[in-house]
Amino acid sequence: MKNVEQDKKPSRKRTGTANQARQVTSAMTKRLYIETVGCQMNMLDSELVVASLRHEGYELVATPDLADTILYNTCSVRQHAEDKIYSALGRIKDLKRQHPEKIIGVLGCMAQKDQRRIIKRAPQVDLVVGPGQLHQIPRLLNEIASGGGRKIEVSLSRLSGSREKIEQSFESYDPLRDPRMRPSPYQAFVRIMIGCDKFCTYCIVPSVRGPEQSRAPRHIESEVRQLADEGCREVTLLGQTVNSYRHRENSRDVRLADLLYRLHAIEGIDRIKFVTNYPRDMSDELLEAVRDLPKCSPYLHVPVQSGSNRILRRMKRGYTVEEYREMYCRIHATVPGAAVTSDFIVGFCGETESDFEQTVALVRESRFKNSFIFKYSTRPGTKGAERFEDDVPDVVKRRRNNELLEIQNAISEEDNQPLVGRSFEVLVEGPSKTSLRQPETGPVLQLVGRTLCDRIVVFDGTQRQIGRIIPVRIDEANAHTLFGSMVTRHVGPEVYTLNVPD
Ligand code: SF4
């Protein structure tokens, strides 16, 4: 059962004009503009929404004014991400007034969280669809275009029924893939689970993405096989807590380690990554699979969030700094040379200077490959917002953010220096940003790719190398990027020994 609302009585005048214009538009090609904010899950959702709408005859356009349907795929993890969407909606208000036939939709986490409130704040919106209902979009757009009025389609709230019913209302959305929507056709995200049951006190994900549910391994395998057939060489398995993956099959649990073995056997796929990991579920079996499977990237993103046990308790992260440290040592003992990255939230409710200093100490000690650092912002609907006061002033949050970032950047730069002079196999993604900005001047262009450890490498190459894995020697390095040159193999004259008979 879903929480479905319909508003079939928008103002008469507007409906009449809009409907006539929509009917004319629907006879022509339908043009879609989509903007995405947030995580890789959202990028994947947008890819799938576009694929399903392309099937219905839509084509993508670059700006809202060229589109008949304007969609915003939203994020609720931080206030800043929501503000961005409301500003974008504000910017197209006049466009909607001039062209009432245009359909404006808000999708994703903010849609699930705010539901009807979005329409109150932005009455130009015609469609609100939560992340568990994205498969309904083609039908809903058709209904709106034929005068069905506004549509709000969201999943059940986490407290509104049995777990089974709530799970059913968050459908995993994994239909068609569209290589044209991916930044590189050689790399793809593959969702292996949805939702989260960890309920960290700062996080809105368990409410907006629903209960933790793992997809059947055979569905994941067939999707990866299809991607390989389309020329994809690297897959990144996605889950909010990807290493918590568990699916019951033939009376036994299939865990992420088992899944990696199965995907590793798929021909055409050369690299497998997975994000994001939950520290408590980093099992020995998983680390051994990463060590033993050559296609598996030894890149592990395992957010710790804080170096203070008091703050971790308040965040309800479910582990202590000592337990995280033990897991971190186990990673390096099992997978030598692993590239470990982390997330941090600074300025969480009640975080003192001493708590922050403990976080600084953990960053210095752990030497993560890199860290994503965020200032805490209250998320209404979370336990953190209910129980704690957001009492760290913004100026302090900003200072802590900058300080931690500076320390992490210095570590990343230092740890990248020993890579200079070494060679790495790089999967070439395409032209670098700089090269995209410059018109082509010759056969050589600047390319960007990644090592198996997820390090970004920039080097000069040719168009033909895009999508291939090639050796690159590193000449220079900064905190975030390695700069290199292609390793060319010397081909000398071949020498044959003549067998001269005695
Ligand atoms: S583990 Fe915590 S932070 Fe991560 S998605 Fe789940 S609730 Fe949010």
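I began with two helices and found that the axes of helix α12 (residues 284-292) and helix α14 (residues 321-334) come within 9 Å and cross at roughly 35 degrees. For these axes I took lines fitted to C-alpha atoms, for helices over the stretch in contact, with angles running from 0 to 180 degrees between N-to-C directions. I noted the crossing of α12 past α14 as right-handed, a crossing being right-handed if the near helix is turned clockwise from the far one by less than a right angle, and left-handed if anticlockwise. On the α12 side the contact (heavy atoms within 4.5 Å) uses Asp284, Leu287, Glu288 and Arg291, and on the α14 side Arg330, Ile331 and Thr334. I sorted the contact of α12 with α14 by class and got two nonpolar, one polar and four charged residues; here Ala, Val, Leu, Ile, Met, Phe, Trp, Tyr, Cys and Pro count as nonpolar, Asp, Glu, Lys and Arg as charged, and the others, Gly among them, as polar.

Before going on I wrote down that this is a predicted model, in which local features need pLDDT of at least 70 and side-chain atom pairs count only at pLDDT 80 or more, while totals for chains, interfaces and linings use all residues. Residues are numbered from 1 along each chain as its sequence is written, and side-chain values use heavy atoms, with hydrogens and water left out.

**Whole chain**

I recorded 18 helices and 22 strands for the protein chain, where helices (H or I, at least four residues) and strands (E, at least two) are DSSP runs numbered from the N terminus. Of the 502 residues in the protein chain, 54% are buried; buried means under 20% relative accessible area, exposed over 50%, and partly exposed in between, with a 1.4 Å probe and protein chains only. Among contacts in the protein chain with a separation of 6 or more, I found that 72% come from residues 24 or more positions apart.

Pro217, Arg218, Ile220, Glu221 and Val224 of α10 meet Leu259, Arg262 and Leu263 of α11. By class, the contact of α10 with α11 has five nonpolar, no polar and three charged residues.

**Salt bridges**

Arg262 came up again, in a salt bridge with Glu249 whose closest N and O atoms are 2.9 Å apart; a salt bridge here is a side-chain nitrogen of Lys or Arg within 4 Å of a carboxyl oxygen of Asp or Glu. This pair links distant parts of the chain, with Glu249 in strand β12 (residues 246-249) and Arg262 in helix α11 (residues 256-264), 13 residues apart. Arg262 counts as partly exposed because its relative accessibility is 25%.

I next looked up Asp454, which forms a salt bridge with Lys273, the closest N and O atoms being 2.7 Å apart. Asp454 lies in the loop between β19 (445-450) and β20 (456-461) and Lys273 in strand β14 (residues 271-275), 181 residues apart. Asp454, at 12% relative accessibility, counts as buried, and so does Lys273, at 3%.

I also noted a salt bridge between the side chains of Arg158 and Asp197 (2.8 Å, N to O). Arg158 is buried because its relative accessibility is 18%, whereas Asp197, at 28%, is partly exposed. For the salt bridges by this rule I wrote down a count of 45.

**Backbone notes**

The peptide bond from Val275 to Thr276 is cis, with omega near -5 degrees, and Thr276 is placed in the loop between β14 and α12. Asn250 has a positive phi of about 45 degrees although it is not a glycine, and I found Asn250 in the loop between β12 and β13 (252-255), where it counts as exposed at 72% relative accessibility. Lys316 also has a positive phi, near 55 degrees; Lys316 sits in the loop between α13 (309-315) and α14 and is partly exposed at 43% relative accessibility.
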